[in-house]
Amino acid sequence: MNNKIRIARAEVRMTQQQLAEAAGVSRQTINAIESGKFVPSTVLALKMARIFGKSVEEIFSLDEED
């Protein structure tokens, strides 16, 4: 799974910590998602999309092998 969380954060000048607090998770969780080490739950993906005012598909996408 690919994601554009880092890009979305940069567009609104948000830190990992600020996103973590808004989404109700740890900064380490945000870091793991951005680096592709962790796939968020559906609820967390929807929360992050809402925070950025985007659809889930604008932030997350599947790899060919997924």
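Trainee: Which residues does R9 touch, not counting residues up to four places away in sequence?

Mentor: With those sequence neighbours left out, R9 touches M14, T15, Q16, L19, E34 and F52, where contact means heavy atoms within 4.5 Å. This is a predicted model, in which local features need pLDDT of at least 70 and side-chain atom pairs count only at pLDDT 80 or more, while totals for chains, interfaces and linings use all residues. Residues are numbered from 1 along each chain as its sequence is written, and side-chain values use heavy atoms, with hydrogens and water left out.

Trainee: Why is R9 called buried?

Mentor: R9 is found in helix α1; helices are DSSP runs of H or I with at least four residues and strands are runs of E with at least two, numbered from the N terminus. Its relative accessible area is 11%, and buried means under 20%, exposed over 50% and partly exposed in between (1.4 Å probe, protein chains only), so R9 is classed as buried.

Trainee: What makes the pairing of the R9 and E34 side chains a polar contact?

Mentor: The two side chains approach to 2.5 Å, whereas the definition asks for a pair of N or O atoms within 3.5 Å, one able to donate a hydrogen and the other to accept it within protein, with residues adjacent in sequence counted only if both atoms are side-chain atoms. The R9 to E34 pair is therefore counted as a polar contact.

Trainee: Why is K47 called partly exposed?

Mentor: K47 lies in helix α4 and has a relative accessible area of 40%, which falls between the two limits, so K47 is partly exposed.

Trainee: Where does α2 meet α4?

Mentor: L19, A22 and A23 in α2 meet L44, K47, M48, I51 and F52 in α4, and these contact residues divide into seven nonpolar, no polar and one charged.

Trainee: How many residues has the largest nonpolar core, and what makes it a core?

Mentor: It has 14 residues, with I5, L19, I33, M48, F52, I59 and F60 having the most contacts inside it, and a nonpolar core is a set of buried Ala, Val, Leu, Ile, Met, Phe, Trp, Tyr and Cys residues joined through side-chain atoms within 4.5 Å. Helices α1 (5–11), α2 (16–23), α3 (27–34) and α4 (42–52) each supply at least two residues of this core, and α4 gives the largest share, five residues.

Trainee: Which residues of α3 are buried?

Mentor: In α3, I30, A32, I33 and E34 are buried, and what covers the buried residues of α3 includes β1 (2–3), α1, α2, α4 and β2 (60–61).

How values were computed: Nonpolar A, V, L, I, M, F, W, Y, C, P; charged D, E, K, R; others polar.
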